[in-house]
Amino acid sequence: MALVRRAGIGRYYDVNGWLFVAPALGLIALFMIYPIAWSLWMSFQSGRGMTMKFAGFANIVRLWNDPVFIKALTNTMTYFVVQVPIMILLALILASLLNNPRLVGRGLFRTAIFLPCVSSLVAYSVLFKGMFATDGIVNSTLQAIGLVASPIPWLTHPFWAKVLVILAITWRWTGYNMIFYLAALQNIDKSIYEVARIDGVPAWARFTHLTIPLLKPVILFTTIISTIGTLQLFDEVYNLTEGKGGPSNATLTLSLYIYNLTFRFMPNLGYAATVSYVIVVLVALLAFVQFFAARERDR
Amino acid sequence: MNGIGRFAASAATYGFLGLMAFLSIFPFIWMVLGATNSSIDIIKGKLLPGAAFATNVGNFFTLVNVPLVFWNSAKIAILATVLTLAVSSLAGYGFEMFRSRGRERVYRAMLLTLMIPFAALMIPLFVIMGKAGLINTHIAVVLPSIGSAFVIFYFRQSTKAFPSELRDAAKVDGLKEWQIFLFIYVPVMRSTYAAAFVIVFMTAWNNYLWPLIVLQTNETKTITLVISSLASAYYPDYGVVMVGTILATLPTLAVFFFMQRQFVQGMLGSVK
């Protein structure tokens with residue numbers, strides 16, 4: 001019966017279906033597919049401004065000899081390797097604590113920890129820049145409670161500037177990831193935890209042996225989202241360092257370097273496009289690795 | 001576990017959560033306090049309300065054409081939201097309702113575009129907009145975001161819950177496909193639209209990199225761009241900057257508190 005119906009008006013269905021998706025697909029083709037293909041083409045070209053000529057692999061060779069690019073790549077990877085695991089773990093711990101129905105003030109804690117997601121990337125970067133000024137509130141608090149003897153040069157020391165960027169992103173995105181875990185935990189049968197508790201499984205073991213394996217698909221999803229986000233990091237660094245990625249390129253990211261190559265220095269679109277493809281390749285590679293890693297452990 | 005151990009554990013839990021909640025909220029408190037203090041006091045880390053609020057607000061309104069900047073931000077955010085919801089919900093509905101093998105392939109390919117980093121698009125997009133003569137216009141800011149793979153995905157997922165009996169009944173009544181979409185689907189799915197609205201609006205309101213590239217004169221700039229340039233001045237007036245960040249955060253904060261349920265639902269849309 002169903003088959004007959006389908007055969008009868010199948011074509012009619014089809015035309016309508018394509019009509020519904022056509023505007024979106026057209027826009028995606030024009031503003032995603034076409035530019036990404038063009039950008040690949042550009043990456044094999046070289047020249048100033050709009051006068052470009054074919055340059056083969058010259059841009060790729062140039063990458064290896066460009067200390068600023070190497071710096072931007074190292075910084076971006078540092079943010080990724082250090083920040084993403086810290087944030088995911090913190091979000092998981094917070095979610096499993098807040099999943100306890102007997103916790104008093106659960107909603108309040110949840111709202112508070114989620115609140116940073118509401119702030120715009122620019123606004124919070126600007127706030128952090130003020131809070132972490134040399135004589136600012138963070139340093140004076142740290143000194144008052146005796147954690148540090150002299151103010152930490154958050155914005156002027158290469159190491160601390162990176163720490164500040166990592167702290168800032170963690171502040172902004174932990175609650176976001178936590179919400180995903182909380183929602184996933186809500187779907188897990190509570191009795192599994194009850195049984196484990198009655199059997200005397202300690203809280204930490206319940207976390208590592210129950211929560212993490214059960215949440216694996218969501219963890220994979222949030223890890224890939226965070227990877228894409230971190231590899232594209234721009235707004236925060238731009239606004240914490242007046243667009244320079246300083247001190248002396250210590251916080252420079254790939255996106256910021258592309259921006260500088262295109263809009264700040266003498267524009268070299270071909271080379272900038274090559275750098276942008278490094279991000280494309282990294283995102284694809286890391287998403288693949290993460291996906292594969294999550295799959296392997298299933299067996 | 002004995003009583004003391006349990007007490008210690010729950011004290012540690014509350015202590016940890018309390019600290020995290022405090023750290024999460026503190027920058028907001030600091031922002032509000034900052035708006036009442038002078039720039040020097042803010043940088044010195046003063047934690048009490050000051051008397052400079054009126055001065056800061058006054059300075060902000062002298063430095064910035066507030067109504068214009070707000071209008072620019074609102075125009076971009078509303079235009080982007082309405083167009084994205086219209087185009088992308090249409091596509092999400094289309095992908096779910098009219099399945100065929102070809103369309104599934106296209107859908108999967110489309111989802112791959114979620115992985116394309118914006119940094120790889122911005123140079124060609126800038127050149128395209130330049131050729132179209134759209135640099136420094138708001139339409140150039142909005143155009144690239146309308147066909148959103150994420151929103152299409154969200155609508156397709158939500159459409160799975162749309163009762164197909166409604167569609168069959170409407171068809172019996174002689175409604176055309178577009179009428180079914182407009183008069184049956186849209187009203188039935190209004191909570192999905194609300195959740196998507198929140199997410200798209202917030203993203204558009206807070207968008208930074210692309211507007212930074214495209215909008216080049218003060219007449220077209222958004223609140224986000226204005227705060228950024230105020231704060232990157234050689235000697236930024238932090239009191240003024242704080243007033244700006246409050247004004248930029250208020251709309252999104254309001255959306256969050258009034259539509260918290262849809263907000264969370266929208267964020268989670270992708271993992272259902």
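1. In this note a residue counts as buried when its relative accessible area is under 20%, as exposed when that area is over 50%, and as partly exposed in between, with a 1.4 Å probe and protein chains only as cover. By that scale B:Ala254 is partly exposed, because its relative accessible area is 31%.

2. The model is predicted, so local features need pLDDT of at least 70 and side-chain atom pairs count only at pLDDT 80 or more, while totals for chains, interfaces and linings use all residues. Residues are numbered from 1 along each chain as its sequence is written, chains are lettered from A in the order in which they are written, and side-chain values use heavy atoms, with hydrogens and water left out.

3. B:Ala254 belongs to helix α14, residues 238-258 of chain B, where helices (H or I, at least four residues) and strands (E, at least two) are DSSP runs numbered from the N terminus. Between the C-alpha atoms of B:Ala254 and B:Gln265, which stand 11 residues apart along the chain, the separation is 17 Å.

4. Chain B as a whole has 15 helices and 0 strands. Its radius of gyration is 24 Å, well over the 19 Å that the globule rule gives for 272 residues, so chain B is more spread out than a compact globule; the radius is taken over C-alpha atoms, and the rule is 2.2 Å times the number of residues to the power 0.38. The C-alpha trace of chain B spans about 70 × 70 × 35 Å along its principal axes.

5. Of the 272 residues in chain B, 53% are buried. Among contacts (heavy atoms within 4.5 Å) in chain B between residues at least 6 apart in sequence, 73% join residues at least 24 apart.

6. An unreviewed UniProt entry lists "domain: ABC transmembrane type-1" for residues 73-290 of chain A, and the annotation of that name, also from an unreviewed entry, covers residues 70-259 of chain B; such annotations may be inferred rather than shown by experiment. In chain A the span is 73% helix and 0% strand, with its end C-alpha atoms 20 Å apart, and in chain B the span is 74% helix and 0% strand, with its end C-alpha atoms 21 Å apart.

7. Turning to chain A, helix α2 (residues 58-64) supplies the largest share of a nonpolar patch, namely 3 residues. A:Val61 lies in helix α2 of chain A, and A:Val61 is partly exposed, because its relative accessible area is 48%.
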